[in-house]
Amino acid sequence: MRRRLLAMVPSGEDLDVPGSINMWLFVVGELFIFAFYFFVFMMYRTHATADFVGSQRHLNLAVGAGNTVILLTSSYLVALAVQAAREGSHDRARRLVRWTVALGVVFMTIKLGEWAYEVRHGYTFPSDDFFMFYFALTGVHLFHVLMGLGILGLVLHELRTPALQRQFVVEAAGTYWHMVDVVWIVLFALLYVLR
Amino acid sequence: MITNRRSDTGRLTSVWLALCGLTVVSAVAAAAFDDGRHNVTVGLVVLLIGACKARLVLQEFMELRHAPRWLGRLTDAWLLGVVAFVAVMHAYQRHR
C-alpha cells in the first residue's frame, strides 16, 4: 500500500514541467479554489434560475466576448514570448511581454468600465444574488490579473538584464498568465453565455 | 526542458484563431437563442465550447501536451469535474 502511494508521488523526470514545479503547484491550487467558487455559484443559480437569467441579461454580451478575445490574445502573445526567450531572442520576448501587459491593462480598464456602467444603472453588489456573484467572481479574477501584471513586470526586468534572462522565469510567468485566462474562459461561460 | 519546434508558432496562431472563433460562436449562440428564459440546450452547447477553449489553452499555450502525464491528468480531472458539475446542475434546473 505504502509503495503504491509513493509511486503516485511525482519525482525525477516527472517534475520536468514548463517553468517551475512550484508555479504549477500554485496554479493547480488556484484552479481548485476557483472550482469551489464555480460550484457555489451553480448551487445558488439552481435555486433561483429565472432570477439569475433575468439579471444576466443586463450584462453586455459583446463587451464580455470582446474582453475574452483581448485576454486570449494576451495569452497567445505570452506563449510567443516563451518561444522567443527559448530561442534567445530576448528583445522580441520583451516586446511581446510588453504587448501582453498592455492587453492586460486594457482588459482591466474595460472590466472596471463595465462595473461602473452596472453600478450607474443600479446593479450593485447587494442588488441580487447574480450581481453579488458577478462582482465577487470578476473582482477575485481581476485581482489575479493584477498579480499577473506584477509577475510580467518582473519578467520584463529579467529580460532587460543580460545577467538574468532565465528561461524558466518566463515560462513560469506564462503559466500563471494562462491560468488567469483559463479561469476567465469558465467565468465568461457562467456569467455571460450560460442561459 | 522543453524546446521549440519549427511548426510551434504556426500551431499557436491556429490555436489562438480557434479560441477567438469559438468565443464569437458561443456569444452568437447565446444571443441568437436568448428569449429571456433558461435554455438547457444552448447552455450545454456554450459550456462544451468553453470546455474546448479551456483545454486548448491548457494543452497548447500551457504546453501540457509536452508535460509529464500526471500533470495533464490532474488538469483534465479539474476541467472534467467543473464541466460535469455545471452541466448537471444546469440541466437539473429545467426539471424543478
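Helices here are DSSP runs of H or I with at least four residues, strands are E runs of at least two, and both are numbered from the N terminus. This is a predicted model, where local features need pLDDT of at least 70, side-chain atom pairs count only at pLDDT 80 or more, and totals for chains, interfaces and linings use all residues. Residues are numbered from 1 along each chain as its sequence is written, chains are lettered from A, and side-chain values use heavy atoms, with hydrogens and water left out.

**View 1. A:Arg160 sits in helix 6 (residues 129-160) of chain A.** With 49% relative accessibility, A:Arg160 counts as partly exposed, because that class lies between buried (under 20% relative accessible area) and exposed (over 50%), using a 1.4 Å probe and protein chains only.

**View 2. A:Glu118 belongs to helix 5 of chain A.** Leaving aside residues up to four places away in sequence, A:Glu118 touches A:His58, A:Leu59, A:Tyr123, A:Phe131, A:Tyr134 and A:Phe135; contact means heavy atoms within 4.5 Å.

**View 3. Chain B has three helices and zero strands.** Along the sequence its pattern reads α-α-α. Of the 96 residues of chain B, 46% count as buried. Among chain B contacts with a separation of 6 or more, 73% come from residues 24 or more positions apart.
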